[in-house]
Amino acid sequence: MSNQETILRLLVQAAPDYCSGEWLAQQLAISRPAVWKCIQRLQLSGHQIESRHYRGYRYLMSNQLSAPVIEQGLRDLPPFKLIVRSTVDSTNRDVKRLISQGVVTVPTVVIADTQTAGYGRSGRSFYSPGQTGIYLSIGLPINDQASFDAGLLTTSTAVVVAQTLQQLFKVPVALKWVNDVLVNQHKVVGILSEGTTDLETGQMAAVVIGIGINLTTAAFPDELVTKAGAVTTGTTDVTRNQVIQVLLHRFFTSYPTYQRGDFMAEYRRLSMVIGQSVALASGQQTYQGRVLDIDDRGALVVQLTSGQVRHFTSGEITKVNLQTGGYRG
């Protein structure tokens with residue numbers, strides 16, 4: 001760990017109190033001018049650090065992503081690895097590279113300020129500007145093939161994200177099966193689950209869950225303007241680090257028991273498709289019908305226009321015809 005990172009961790013642990021330059025120098029066995037140079041580099045990289053004569057330095061909460069800040073609120077969780085990057089092509093791809101290198105032995109979270117090639121379902125690009133969004137992926141080693149349930153893990157993650165946004169921003173949240181989170185009838189979160197296979201055994205080695213959140217994004221490309229939105233359009237004191245803290249705490253708290261599906265009642269309550277007419281793409285076909293329910297395994301229960309009732313475990317709702325409201329996605 002570099003001196004700069006160690007100083008940041010010490011300041012975060014002490015916040016909102018001050019740490020004197022002399023004390024910091026003693027902890028690292030370096031000079032006070034060396035401490036000051038580290039502080040300057042931290043400030044230049046975006047961290048808000050206040051300095052006062054005779055008091056020293058203190059860390060101020062900011063929107064700058066910081067592993068020490070995020071980890072500060074997650075000490076009671078089982079071991080996991082946290083990596084924060086300024087830029088990646090895609091956090092999902094980054095985690096998959098780590099898995100292929102054999103370094104993902106515990107749950108691993110990669111967070112980026114921006115993605116240059118973020119993607120969602122069917123390889124569609126995910127708009128990922130810096131400073132205004134949260135782009136993270138969770139890599140989970142799969143040790144018990146029999147107990148793994150992709151449908152329940154995805155729906156569980158959607159509930160975790162929805163509850164995080166409700167807790168921190170008090171916004172009305174709705175879920176569009178299976179992995180879209182909406183606020184005020186605009187998509188604000190996309191969730192993408194991908195599996196990786198062990199080439200020797202042919203079995204799934206790990207699952208990667210990507211979560212992209214438009215937190216305060218104000219401008220979108222023309223093709224997204226009518227459908228995408230931000231969690232909040234006003235000023236907020238809630239930082240990205242705080243959102244990630246709450247989200248990861250909820251996720252890792254619920255993950256050990258997600259197979260029980262205890263959250264499905266909440267998923268149904270938040271669903272914006274139950275009772276609605278939809279168009280559903282599954283495989284090479286598109287189906288029309290009315291959503292009757294979401295079953296206990298996370299499958300969509302649809303009464304097709306033919307009258308047949310089917311349970312869909314995979315697919316994408318391409319259109320929802322709401323009886324009320326302005327959503328037209």
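## Helix H6 and its ends

H6 is followed by Lys170, whose phi is positive, near 55°. Residues are numbered from 1 along each chain as its sequence is written, and the model is predicted, so that local features need pLDDT of at least 70 and side-chain atom pairs count only at pLDDT 80 or more, while totals for chains, interfaces and linings use all residues. Helices (H or I, at least four residues) and strands (E, at least two) are DSSP runs, numbered from the N terminus.

Helix H6, residues 150–169, has 20 residues and reaches 29 Å from its first C-alpha to its last, close to the 28 Å expected at 1.5 Å a residue, where the expected span is 1.5 Å times one less than the number of residues. Because 14 of its 20 residues are buried, H6 is largely enclosed by the rest of the structure; buried means under 20% relative accessible area, exposed over 50%, and partly exposed in between (1.4 Å probe, protein chains only). At the start of H6, a side-chain oxygen of Asp149 comes to within 3.2 Å of the backbone nitrogen of Gly151.

## The largest pocket

The largest pocket holds about 880 Å³ of space, and of the 41 residues that line this pocket, the closest to its centre are Arg124, Ser125, Phe126, Lys187 and Leu224. On a 1 Å grid over the protein atoms alone, a pocket is an open set of points with protein on both sides within 12 Å along at least five of seven lines, a cavity is a set where a 1.4 Å probe fits but cannot get out, and lining residues have an atom within 4 Å of a point. Grid points are joined across faces, edges and corners, and a volume is the space filled by probe spheres set on the points.

Helix H5 (91–100) and the strands S5 (133–141), S7 (180–183), S8 (186–197), S9 (204–214) and S14 (316–321) each supply at least two residues of this lining. By class, the lining of the largest pocket has 16 nonpolar, 17 polar and eight charged residues, with Ala, Val, Leu, Ile, Met, Phe, Trp, Tyr, Cys and Pro counted as nonpolar, Asp, Glu, Lys and Arg as charged, and the others, Gly among them, as polar.

## The cavity and a cis peptide bond

The structure holds one cavity of 30 Å³ or more, and about 40 Å³ of space lies in the largest cavity. The residues that line the largest cavity include Arg121, Trp177, Val178, Asp180 and Ile317, and by class this lining has three nonpolar, two polar and four charged residues.

The peptide bond from Trp177 to Val178 is cis, with omega near 5°, and Val178 is found in the loop between strand S6 (173–176) and S7. A cis peptide bond also joins Ala15 and Pro16, with omega about 10°; Pro16 has its place in the loop between helix H1 (3–14) and helix H2 (21–28).

## Loop residues

Tyr54, in the loop between strand S1 (48–52) and S2, has a positive phi near 70° although the residue is other than glycine, and at 89% relative accessibility Tyr54 counts as exposed. Asn184 lies in the loop between S7 and S8, with a positive phi near 55°, and counts as exposed at 55% relative accessibility.

Ser66, by contrast, counts as buried at 2% relative accessibility and lies in the loop between strand S2 (56–60) and helix H4 (67–72).

Technical notes: Heavy atoms only, no water. Polar contact = N/O pair within 3.5 Å; in protein donor to acceptor, adjacent residues only side chain to side chain.
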